[in-house]
Amino acid sequence: MNNTTQLNKGILLIALLFAGAAILLFMQSANKSAGVYSEGASTIRKIQTLDANWSVEAMKVRTNPLADFDLLSAFAPEVGTLKEKLSGLLAVEDELSENLGDDINAYISNLNAKEEQLERFKSGYAIIRNSERYLPLAANNIVQLSQNAKQYEIADEVSGLSNEMREYMAAPSESHRARLRLLLTDFSERSIHFDSALSDGVSNFVSHGNVLLDESISTEKLFREATSDKTREEAEILVRALSSTGAVADKEKQNYLYGALGALLASIIAGIAMIIKRKSADPSSDLKRDGDFEDGDNLFVDHDEVGAEVGDTIATDKSVIENVDIVDSVTHYCSSTKTSDVSNQIFAGLISDDLMEIVRKIEAEKERDADLSGYAVDAALSDKTEDSYQHISRIAKKLSSYATNAVEENKEWVNINDVIREVATPESQHNGATVRVKFGDIPHIIASPTELKCLFKNLVHNAVSSVRSDEEQELVVEIETQTLEGQIAVTITDNGAGVDSEKRKNITKLFKTDGNTPLDFSLPSSNYLAKRYGGKLLLNSIPNKGTAVRVLLPENSELAGVAV
Amino acid sequence: MKYNLISRLSIRIFQIKQHLRRLKILYPVGLCLLGVHYPVFSEEPIKPIPETVEVDFEKVELGKRLFNDTLLSKDNTVSCASCHNLATGGDDDRPVSVGIDGKEGPINAPTVFNSGLNFKQFWDGRASTLADQVDGPIQNEVEMGSIWPEIVAKLYKNDFYSKEFKKIYPQEGISRNTVRDAIAEFEKTLITPNSPFDLWLRGSKNAINTQQKRGYELFKSYGCTSCHQGTNVGGNMFQVFGVLNSYFLERGNITEADMGRYNITGNPSDKHAFKVPSLRMAAHTAPYFHDGSAKTLREAVDVMFKFQLGREAPDQDKDDIVEFIKSLAGTYTAVTK
């Protein structure tokens with residue numbers, strides 16, 4: 001793995017980290033809902049208002065002996081509904097600080113206590129207002145009865161007690177209660193000696209007096225507690241706390257959102273950086289794969305059909321002789337590189353193909369010479385040429401026969417994707433190049449798997465062996481298989497140094513060299529194989545950008561594998 | 001005779017008034033012509049029952065059907081109406097109710113009329129709403145002995161309920177919640193407005209007779225309104241039964257039901273405390289008290305004087321109070337669209 005690859009992976013990692021952070025921050029911001037706090041505060045405000053009115057109603061009831069308890073009772077369900085709402089908000093907001101949660105629970109608990117206090121106050125006060133109302137009547141009854149019986153001291157005593165009870169009720173105290181309790185008990189004990197009517201009267205008076213003594217302090221305490229400002233003060237504190245927490249949550253939400261946006265932006269920037277980096281290393285960025293090979297596309301308008309001009313420049317006797325000489329070197333190449341028999345057959349086919357073209361041209365020359373029979377010719381040269389022609393013709397036929405027979409015997413249904421996979425895998429280890437393959441949905445064809453391997457191995461090997469335009473540059477080779485207009489297209493692109501148009505012309509021709517690079521038969525042999533299957537090979541290259549080679553093979557298997 | 005004539009006339013006047021209100025035609029003029037004027041009751045401890053209540057009519061119809069349907073009980077023999085007969089004052093006229101298999105319950109069935117005006121439901125106030133109250137008798141093994149899954153299954157098998165619930169509660173369909181809601185909605189309509197006393201409160205001077213007027217004054221002066229006040233003349237507070245004398249000590253044979261609210265709160269001060277019952281339909285709901293011990297209204301008044309008020313009163317006063325209490329009963333009109 002080179003530095004460029006590491007850098008790209010690093011950028012990718014950073015982009016992913018930022019994207020993850022953006023998602024997390026966004027989720028956090030969603031959790032931070034100030035609305036819950038403001039709703040909580042609003043609910044408490046409503047309770048606070050009801051609470052105040054509740055206390056006012058309790059005070060009204062307490063000052064009016066004929067007041068009904070309907071309104072006082074009606075607050076509880078209203079407050080209850082709001083308490084449930086508040087509890088619900090508490091359950092929803094799990095981010096609520098422990099203290100605030102406890103305070104709200106304590107507040108709800110105190111509201112419940114208030115409700116119970118007021119309920120008990122109603123019960124106690126009902127008794128008190130009954131006895132308080134009756135006690136003077138009972139006292140008057142005793143006064144009348146005692147006056148009738150001329151027992152004026154009883155009348156005085158009961159009047160005194162009645163007054164003292166009134167004073168006590170105005171400001172109940174424990175000491176006063178204890179004293180009155182003693183007086184009432186004493187009065188009751190003495191009343192057993194009174195006549196029955198008077199005794200009954202005293203009994204009634206004492207009973208109601210004791211009820212007042214029993215109930216007044218506790219009921220007064222209940223009233224004070226229920227109508228105290230405690231819950232309203234708690235509400236005030238809670239509203240402030242919730243508003244403050246809400247503001248903080250709002251701020252936090254905002255911060256999380258900003259953070260999420262920042263992380264998202266950083267992720268996008270990292271992504272863009274990675275794309276730019278990949279683009280600089282990716283041949284597909286400048287060498288458009290699909291469009292490059294379309295007619296009329298400026299970037300590939302001058303593409304070469306490899307081998308189209310093969311032999312054009314060697315249709316001379318001299319050239320023929322040179323070519324013939326080279327046949328040995330071709331054979332040597334095959335054996336020296338220890339390629340398989342198939343490879344040899346391919347080369348044989350390739351050379352025979354070329355030689356047969358030369359033979360045909362010589363035959364054409366001979367016909368022309370026959371037309372010129374009236375002219376003097378060099379007989380020695382003519383014999384030598386005839387010998388060469390015969391020699392070449394024999395070799396070409398043998399090679400062609402060798403190549404054709406071998407290919408016909410090895411044909412089978414082949415999935416080109418499998419071939420590419422087999423070819424690309426070992427090549428991916430070569431020259432530090434990164435090889436990416438994109439397999440398309442392409443049909444099987446009838447072909448020799450070995451031939452196809454040679455076809456594509458040559459091209460892939462060329463690509464991964466490309467010279468880098470920059471030492472730091474990561475060499476990336478992309479292979480894509482697809483179907484284009486009824487043909488199977490295999491496109492191999494690299495981001496190597498590429499070749500200029502002049503050099504490109506030469507590399508497409510058999511046995512041609514620019515004088516600096518050694519002979520390479522890969523492109524012509526691949527071209528030969530492509531043609532063998534009724535296809536062709538297209539090439540585009542941009543200096544310092546890269547090279548794209550596309551092999552087009554007929555999709556229809558019936559047409560595939562036609563003999564050359 | 002005179003009372004009856006005046007009372008019926010007053011009721012008729014208010015029925016006409018209601019009609020005018022519904023028609024919204026010449027309402028003020030009509031009221032003036034009928035000599036009706038508002039309000040005269042603001043300072044009284046008892047307030048008239050509202051003449052109308054806002055409800056969902058479809059739910060009311062469904063709730064009415066459920067209220068009268070024995071399907072809600074385990075053996076399909078008991079309905080809500082079995083113990084709360086609308087034709088007999090909204091209760092069953094028994095000391096204690098009879099449920100499935102002829103089992104007797106522990107407590108007297110209160111009237112269902114005006115129960116929506118009570119601040120809590122049941123004698124011990126264990127339910128805060130009418131809907132919550134529905135759970136009680138339905139699941140009580142002595143009363144209806146049913147369980148909700150069975151009820152829901154039975155209702156689903158019934159074409160009418162299946163269709164109606166789907167229509168009225170499209171989201172939830174048949175469920176404990178929707179059955180309770182429908183029944184509660186129906187029970188809200190079980191109000192008895194326009195009682196002679198309410199008509200009197202609203203200014204119809206002759207809606208109640210002299211004895212009833214005197215009874216009302218005595219009712220206030222003896223302190224009955226300490227507990228029996230408000231729209232429902234009770235039903236808005238708890239009170240210990242036996243404030244000035246121990247009712248239970250005298251009656252004996254104390255049962256769990258006699259413990260009242262203590263059974264709910266566990267607070268000793270709640271022993272023998274009950275929700276103060278409404279007196280609105282008392283004229284029609286004998287026997288009285290949670291134990292059904294008072295066979296007549298007069299007996300109930302006697303018990304109240306002895307144990308709650310702690311005083312004696314002349315018989316005439318008590319009779320007058322009884323007559324006043326009778327004037328509190330209004331009329332129930334089934335709510336329709």
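**View 1. Helix 8 of chain B is mostly covered, with 11 of its 13 residues buried.** A residue is termed buried if 20 or more other C-beta atoms lie within 10 Å of its own, exposed if 12 or fewer, and partly exposed in between, with C-beta atoms placed from the backbone. Helices (H or I, at least four residues) and strands (E, at least two) are DSSP runs numbered from the N terminus. The model is predicted: local features need pLDDT of at least 70 and side-chain atom pairs count only at pLDDT 80 or more, whereas totals for chains, interfaces and linings use all residues. Residues are numbered from 1 along each chain as its sequence is written, while chains are lettered from A and ligands numbered from 1 in the order in which they are written. Helix 8 of chain B spans residues 176-188 and reaches 18 Å from its first C-alpha to its last, close to the 18 Å expected at 1.5 Å a residue; the expected span is 1.5 Å times one less than the number of residues. Among the buried residues of this helix are B:Val179, B:Arg180, B:Asp181, B:Ile183 and B:Phe186. Their cover includes helix 3 (57-67), helix 4 (80-83), helix 5 (130-139), helix 6 (148-157) and helix 7 (159-168) of chain B.

**View 2. Helix 10 and helix 14 of chain B pack at an angle of about 105°.** The axes of helix 10 (residues 210-221) and helix 14 (residues 315-326) are 7 Å apart. Axes are lines fitted to C-alpha atoms, for helices over the stretch in contact, and angles run from 0 to 180 degrees between N-to-C directions. The two helices of chain B are therefore roughly perpendicular to each other, a term for angles of 65 to 115 degrees; those under 35 count as roughly parallel, those over 145 as roughly antiparallel and the rest as oblique. Residues of the contact include B:Arg214, B:Tyr216 and B:Phe219 of helix 10 and B:Asp317, B:Ile321 and B:Phe324 of helix 14. Two residues are in contact if their C-beta atoms, placed from the backbone, lie within 7 Å. By class, this contact has five nonpolar, three polar and four charged residues. Ala, Val, Leu, Ile, Met, Phe, Trp, Tyr, Cys and Pro count as nonpolar, Asp, Glu, Lys and Arg as charged, and the others, Gly among them, as polar. Chain B as a whole has 14 helices and two strands, and 48% of its 337 residues count as buried.

**View 3. The contact between chain A and chain B takes 20 residues from chain A and 22 residues from chain B.** On the side of chain A, helix 3 (70-92), helix 4 (98-148) and helix 7 (196-226) are the elements that give two or more residues. Helix 4 of chain A gives the most, with nine residues. Eight nonpolar, six polar and six charged residues make up this side.

**View 4. A:Ser97 lies in the loop between helix 3 and helix 4 of chain A.** A:Ser97 counts as exposed because it has 12 C-beta neighbours inside 10 Å. Its C-alpha atom is separated by 8.8 Å from that of A:Thr245, 148 residues apart along the chain.

**View 5. Strand 8 of chain A pairs with strand 6 and with strand 7.** Two strands pair if DSSP finds at least two bridges between them. Strand 6 (residues 487-494) runs antiparallel to strand 8 and is joined to strand 8 by eight bridges, with A:Ile492 and A:Val549 as bridge partners. Strand 7 (residues 536-542) and strand 8 are also antiparallel, over seven bridges, and A:Ser541 stands opposite A:Thr547. Three residues lie between the strands of this hairpin, in which A:Asn544 takes a positive phi near 65°. Eight of the nine residues of strand 8 (residues 546-554) are buried.
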